[in-house]
Amino acid sequence: MWQAMDDQTRLFSFGREAYGMAAQAARACSVFLADEEDEWAADEERSCYNCRYRRWTQESFVCMASQVTDEI
Amino acid sequence: MEIYLSIDDTDNLESCGTGELASQISENIQQQGWGECSYITRHQLFIHPDIPYTSHNSSMCFHAQIEDSALGQVINYASDFLARVSAVGSDPGLCVALPAKLCCVPELIDFGQQAKRIVLTKAQAYELAVRSGVHLSQHGGTGQGVIGAIAGIGLRMGGEDGRLKGKIAFDTDPSDNGIAVTKVLDHPWVAAVQTEQGQLLQGDERICLVDKVKIVQVKKQPVLLVQRNEQGGWQNLTRQQLKKY
């Protein structure tokens, strides 16, 4: 589901429209933190697409949680 | 006088977002008695490796009607506020435009549209600011946020971009979450209920509200977009369907 990046972050492998996978990843994540609601992109609240630690790229997003927590 | 105020690049991964800061500026303008502010719009800008941004690269803009004598106070307050409150590592920018005194509005709108498609520079942003007559200033970091700030003005004035910040709660029928269009139109932040193809719903028609209700800007108006549901009735578009706004 994830591709490890050189800077310890990780790239979501399924792009920007894989709502089921993004929700599944968020349910399995211990540090999920909902972003401000105006920035949500998925209908399902607990989704990596709605997480404060996601950083959108042109094709997908990078999970930046490792930059702010040791738990990931 | 009428103004537009736009800000960008004020946050980091752990701070509150740019939308929250725009809300606080808007609230303070009203609390100080400087004027009345309208809704805030969020404008998605280009996502590209050459553009530094925290997580989503969006700017926030609102319209206000202020006392002529308050313009300097509003700009000074917003500038000081951004410098003081913006997050560590952010690059905040502020743009304030007076529509009555603007030159080359089409260029401002075009700049906003370009900021959704290509990488623009601070030099381009400041050059346009001088030519068009807007106030543009940076308040920390690299000041890269000036690009999104002036783009936010262009996109808001263009009237075909952006989602309204916040959600609206309507008094729906609990049995089916239904509500008459006329009641939706009673809300000051909804000027029309229509399909993406432009079909306007009439006041006596009924719509079912699902998920959180988000309003978008279409033809310079705040609009609730609807579609036919499986039952043949009308319902609002979902958050996922509204991503492109």
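Student: What makes chain B a two-part chain, and where do the domains run?

Tutor: Keep in mind that this is a predicted model. The bounds come from an automatic or database domain assignment, which gives domain 1 as 2-163 and domain 2 as 167-242 in chain B. Their centres, taken over C-alpha atoms, are 28 Å apart.

Student: How do you know that domain 1 of chain B is in contact with domain 2 of chain B?

Tutor: Contact asks for C-beta atoms within 7 Å. On that basis 7 residues of domain 1 of chain B are in contact with 9 residues of domain 2 of chain B. The domain 1 side has 1 nonpolar, 3 polar and 3 charged residues.

Student: And what about chain A against chain B: how many residues are in contact?

Tutor: There, 19 residues of chain A are in contact with 19 residues of chain B. Strand 3 of chain A (residues 54-56) gives the most to the chain A side, with 3 residues. By class, that side of chain A splits into 8 nonpolar, 3 polar and 8 charged.

Student: Why is Tyr49(A) called buried?

Tutor: The cut-off for buried is 20 or more other C-beta atoms within 10 Å. Tyr49(A) has 27, so the label buried applies. Tyr49(A) is in the loop between helix 1 (19-27) and strand 3 of chain A.

Student: Which residues does Tyr49(A) touch, leaving out those up to four places away in sequence?

Tutor: Those are Ala22(A), Ala41(A), Ala42(A) and Arg54(A).

Student: What makes the phi of Cys104(B) worth a remark?

Tutor: Most residues other than glycine have a negative phi. Cys104(B) isn't a glycine, yet its phi is positive, near 45°. Cys104(B) sits in the loop between strand 4 (93-97) and helix 3 (105-114) of chain B.

Student: Where does Asp211(B) lie, and what is its phi?

Tutor: Asp211(B) is in the loop between strand 9 (206-208) and strand 10 (216-218) of chain B. Its phi is positive too, about 55°, and Asp211(B) is not a glycine.

Student: Why is Asp211(B) called partly exposed?

Tutor: Because Asp211(B) has 18 other C-beta atoms within 10 Å, and partly exposed covers what falls between the exposed limit of 12 and the buried limit of 20.

Technical notes: Residues are numbered from 1 along each chain as its sequence is written. Chains are lettered from A and ligands numbered from 1 in the order in which they are written. This is a predicted model: local features need pLDDT of at least 70, side-chain atom pairs count only at pLDDT 80 or more; totals for chains, interfaces and linings use all residues. Two residues are in contact if their C-beta atoms, placed from the backbone, lie within 7 Å. Helices (H or I, at least four residues) and strands (E, at least two) are DSSP runs, numbered from the N terminus. Ala, Val, Leu, Ile, Met, Phe, Trp, Tyr, Cys and Pro count as nonpolar, Asp, Glu, Lys and Arg as charged, and the others, Gly among them, as polar.
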